[in-house]
Amino acid sequence: MSMCAFMCLALPDSPPPTHTFTFLIPEKIMTSNSREHSGKMNSRALAALLSSLISELLLLLLLLFPSSNPLSVTSNSNSSSNFYETIFPLIHHFLSSAELVTSLSLLSISRKRKRIHQPDIDNEDEPGSELALFGLGLTQNPDSFKGCFRMTSSTFEWLSGLLEPLLDCRDPIGSPLNLAAEIRLAIGLFRLATGSDYPEIARRFGVSESVTRFCAKQLCRVLCTNFRFWIAFPSPIDLDSLSASFEALTGLPNCCGVIDCTRFKIVRNTGFNPSAKYEVREESIAAQIVVDSSSRILSIVAGFRGDKTDSRILNSSTLYKDIEGGGLLNAPPIYINSVGLNQYLIGDGEYPLLPWLMVPFVDPVPGSIEENFNSAHHLMHISALRTIASLKDWGVLRQTIEGEFKMAVAYIGSCAILHNVLLMRDDYSALSDGLGDYSQIPQNFRNAYLEESSIESNASVIRTALATRARKLHSSSQSLDPGGSMKSEPS
């Protein structure tokens, strides 16, 4: 497996997904009206036909005038060969561009069709111009968008243009919304970013509560279905640069990510009477993530019951099966003091020690190589803690989620995708500055029984070799700066 999308949204008490591309999102989270697409299908067929006719015309010219080369300004013995080399890629381009032409034409038609239902406003080309109608206090100042959507105005505009064909193509059956894609996106993002309830969102945007629910579900469906590739485990080549970033931080080589698990609270009503306390059950949903040194999510598995331990969730995940089966982290080892060091992840004390999973030492002696290793381990682990804190800063995940379990899983997946999108665009609006409550958790904590029962001799040798490397690096830094110490924050 050279490269795969590692985002899996699992359902409670269901068998673990057998493939990393599996998405158990609510099947009927959205509904579609096939009649609405009839006009668009006609436009698609017309655009494809025009592109095909242009390609056939070029091919006909090639057959009628095989010896002439209108694209060349020179005449030599290789002119005919150069002509074919030039014209065939051009024909191929026209043949393969039908879908692109169709999409662009539909995008233009969609913008015009939807904006017919919006009142005339000034500066319509400016980001969020239509949103100004709803009194959200949005201006050209990027900070005004951060409060409502946890992103800058430029990111919102880019995302709106990207998602418009998908957000624009579905309405509730028999109830056309007549809302521009920009407004649909704003409603969905406002729900995710602020966690406001549906009546409050309906009041702000001047729509019905059912419309706000539809837009929020539609955005989650589009993100988790069409853009899950934004969470992807790197290819072997990309893993080299990823591990190099960890090595630059701590000096420890071949680390390919940080694994951690977090939980989100959810309240579900188990009966028909919402006021009956015994029918309301508070639970939690567990999500396992793997991140790189920049806090980008490489893998996420969400939907396990929160009472499962981190190690049980790991054992149930496709990530574990792929690594154990040799499909991931399978590059040739490097050697430290004659010890073969394969690619590995790091995790906290809730995980077992494995050849590909390094955890901290328990109660290290001050000044020992074990303590040096734990210090380097903590530095690398910070990126996962920051990612978790950032996810929990999304309003819908910060508070207790009320509603269906499936919808809560969709919220987690959508916020994780948006987290990566923002990092990809160098938009740090939603990246947490701190580590939340996690900064108080000692990184060398570990259950003693788990330590004794799970250690594999090979894994222990590898960890000791890394600890020796950490000691050498610590000694080198001390000799260069006697009063210095290892950084507590990544650069």
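**Reading a predicted model**

Residues are numbered from 1 along each chain as its sequence is written, and side-chain values use heavy atoms, leaving out hydrogens and water.

Q: What pLDDT does the protein average?
A: pLDDT is the predictor's confidence in each residue, from 0 to 100. The protein averages 75, and 61% of the residues score at least 70. Over residues 67-86 the pLDDT is below 50, and this stretch has 15 contacts in the model beyond near neighbours in sequence (contact means heavy atoms within 4.5 Å). Where pLDDT is low, the predicted coordinates should not be read in detail.

Q: What should helix 8 span?
A: The expected span of a helix is 1.5 Å times one less than its number of residues. Helices here are DSSP runs of H or I, at least four residues, and strands are runs of E, at least two, numbered from the N terminus. Helix 8 (residues 209-226) has 18 residues and should span 26 Å; its end C-alpha atoms are 26 Å apart, which agrees. Among its buried residues are F214, L219 and R221.

Q: Where does N254 lie, and what does its side chain reach?
A: N254 lies in the loop between helix 9 (236-250) and strand 4 (255-269). N254 counts as buried because its relative accessibility is 11%. Its side chain reaches the backbone oxygen of L341 at 2.9 Å.

Conventions
Predicted model: local features only at pLDDT ≥ 70, side-chain atom pairs only at ≥ 80, totals over all residues. Buried < 20%, exposed > 50% of the residue type's maximum accessible area, 1.4 Å probe, protein only. Polar contact = N/O pair within 3.5 Å; in protein donor to acceptor, adjacent residues only side chain to side chain.
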